Structures are given as C-alpha cells and as structure tokens.
Amino acid sequence: MTAQSVPQLRFGVIADPQYAPVAPNLAHDRYYANSLDKLRDALSFFEHEDLDFIVTLGDLIDHGFENFDPVLDVYAASRHDCIFLPGNHDFAVAADRLGAVHGKLSMPAPWYDREIKGVRLIVIDGNEVSLFAPPLQDPRRIDAARRLHALTDTGAPNAMVWNSGMSETQIAWLEGRLRAAEAAGERAVVLGHYPLHPFTDHSLWDAPRVAEIIANSPAAVAYLCGHYHHGNYGELNGTHFVNFKGMVDTEDRNAFAIVSLFADRIEVQGFGRELDRMLTL
C-alpha cells in the first residue's frame with residue numbers, strides 16, 4: 001500500500017458531551033442527560049475501528065464534579081487510549097475541587113505534548129487565564145478580569161466570561177514545541193477547547209495571535225477544538241482549523257468523528273451531525 005492509502009495517524013474525536021443529570025435546555029437544544037447514551041454509542045463504534053487514540057476536546061460535564069465519574073466510567077470500557085482536556089464547563093465545580101480537574105482527567109499537566117507515530121500532539125490550556133478555572137485567590141483571575149475589561153472596551157465579540165486566554169509562559173512554550181517538532185521532522189497537531197480561526201464570539205481571547213503562531217509553523221498541520229457547538233472550519237497558511245460540533249446538542253442525533261492523517265491530506269469522517277471533510281496538505 002502507498003503512503004497515500006495508509007494513514008500515519010488515525011483517531012476518534014468527541015467534543016462537548018457536557019453531561020449532567022438535569023433537564024434539557026430547550027432554548028439551546030442541549031440534552032445534558034442524554035450524553036451518556038451518546039458517548040456509549042460513539043465509543044461502541046470506535047471499538048470496532050483501528051485507532052491510535054480517542055480525544056475529547058473539553059466539556060465532559062456541564063457542571064458538578066460528581067458528574068465526572070459517570071462520564072469517565074463510560075470511557076473506561078474502551079480498549080483505546082483516551083486523551084482528555086478540559087473546557088470551561090469542566091470547571092463549573094465547587095471551589096475546593098478546581099485544582100483537581102486536570103488530575104481527574106488523568107492529564108500529566110494542564111498543557112503538555114507527546115509524540116505518537118512521528119506526530120507531535122500538543123495540548124494547550126485555553127482555560128489558564130480565566131474567571132472560572134484558577135483557584136479563587138489566584139492572580140490569574142485578576143489578569144483575566146483585566147483582559148476581559150480591555151476586550152469589552154474594544155467591542156470584541158469574544159469578550160465573554162465563558163471564554164478565556166493563555167499566559168505568555170504558555171504561548172512561549174507552544175512556540176518552542178512547534179520549533180522542536182519542526183527540528184525533529186515531525187508533523188504537529190495542536191489540540192485545544194477554544195476556537196482560534198475563523199474568529200467568532202466563542203474564540204480564545206488570544207485567538208488571532210495563537211492562530212498565527214500555529215499557522216506560521218511549518219510543522220503544524222491542524223488545530224482541533226470544540227466549544228462552539230455549531231462547528232466551524234477555516235484554513236490559514238496551509239494549516240487546517242477544525243471546530244467539531246457539540247455532542248450535547250439535540251435530543252437524539254449524535255456527533256463524533258474519526259480523523260485520519262495521511263502524507264498528503266487529512267480526512268475527517270463525520271458521524272451523526274458531524275461533517276465529512278477532505279483537507280489537502
């Protein structure tokens with residue numbers, strides 16, 4: 001078989017299950033309690049697929065630390081490596097549990113990278129500077145309030161309390177990991193919760209800057225995210241930015257995907273409401 005027919009990497013993608021045992025939000029068409037069954041269906045499908053891992057791009061729960069366990073119990077039945085990163089709703093927990101979220105998701109650090117089959121996966125933490133994720137007395141909350149005020153003053157559409165940003169330290173780290181991937185001859189896929197490009201009211205506060213850093217890296221082939229439940233797609237300097245649809249939306253129509261990274265393209269095979277995409281590299 002040729003390199004064009006064998007993917008270098010193949011993995012499952014889920015975004016925003018946002019589980020909670022509560023009544024639906026009919027105005028937003030979100031059925032929180034139905035997400036466990038949707039997750040079971042998606043993971044059951046993945047069990048029959050040859051995948052390198054499954055990534056969930058944030059918002060495993062809608063609120064309540066106790067709701068992590070039912071969700072993670074569903075994932076525990078999978079034979080695949082499951083990678084998690086948190087979204088804003090994953091920090092809608094009691095103040096004394098804020099520092100436990102990353103550990104609950106078995107993350108080695110809030111942001112980190114790992115190599116899989118010659119591809120550098122870079123997990124960024126868009127919740128770092130926010131009004132919801134840091135501990136209550138953490139100075140990052142003061143920085144977040146300052147940033148949000150400045151964005152509000154300029155009329156920025158993403159000046160929302162449910163968005164957030166990254167520190168200079170993390171941004172410098174991202175640049176360094178992308179340079180390291182390029183030096184090692186690796187391709188890089190960046191994973192986050194918040195959209196970067198195209199710019200919307202759901203975008204990371206630092207979206208234009210971070211999107212430019214990723215798009216200017218010769219190693220970076222894609223940035224994958226959730227948060228904006230309608231989904232979205234954009235291309236910047238040859239890098240593909242894919243925003244996956246929220247699983248929690250609609251009463252009974254699921255949304256998940258399989259992403260295959262080939263030498264010359266990325267294929268997104270969508271299921272339920274998620275779209276198929278053929279993205280040229």
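Which side chains meet in a salt bridge of 2.9 Å, N to O? The side chains of arginine 10 and glutamate 49 do; the legends below present this pair and others.

The model is predicted: local features need pLDDT of at least 70, side-chain atom pairs count only at pLDDT 80 or more, and totals for chains, interfaces and linings use all residues. Residues are numbered from 1 along each chain as its sequence is written, and side-chain values use heavy atoms, with hydrogens and water left out.

**View 1. Arginine 10 and glutamate 49 joined by a salt bridge.** A salt bridge is a side-chain nitrogen of Lys or Arg within 4 Å of a carboxyl oxygen of Asp or Glu. Arginine 10 belongs to strand β1 (residues 9-14) and glutamate 49 to the loop between α1 (35-47) and β2 (53-56), so the pair ties together parts that are 39 residues apart in sequence. Helices (H or I, at least four residues) and strands (E, at least two) are DSSP runs, numbered from the N terminus. Both arginine 10 and glutamate 49 are buried.

View 2. Arginine 147 counts as buried at 15% relative accessibility; buried means under 20% relative accessible area, exposed over 50%, and partly exposed in between (1.4 Å probe, protein chains only).

**View 3. Arginine 265 and aspartate 264.** Their side chains form a salt bridge of 2.8 Å, N to O. Arginine 265 counts as buried at 17%, whereas aspartate 264 is partly exposed at 28%.

**View 4. A network of salt bridges.** Asp113, Arg120, Arg177 and Glu186 are linked in this network. The structure holds 16 salt bridges.
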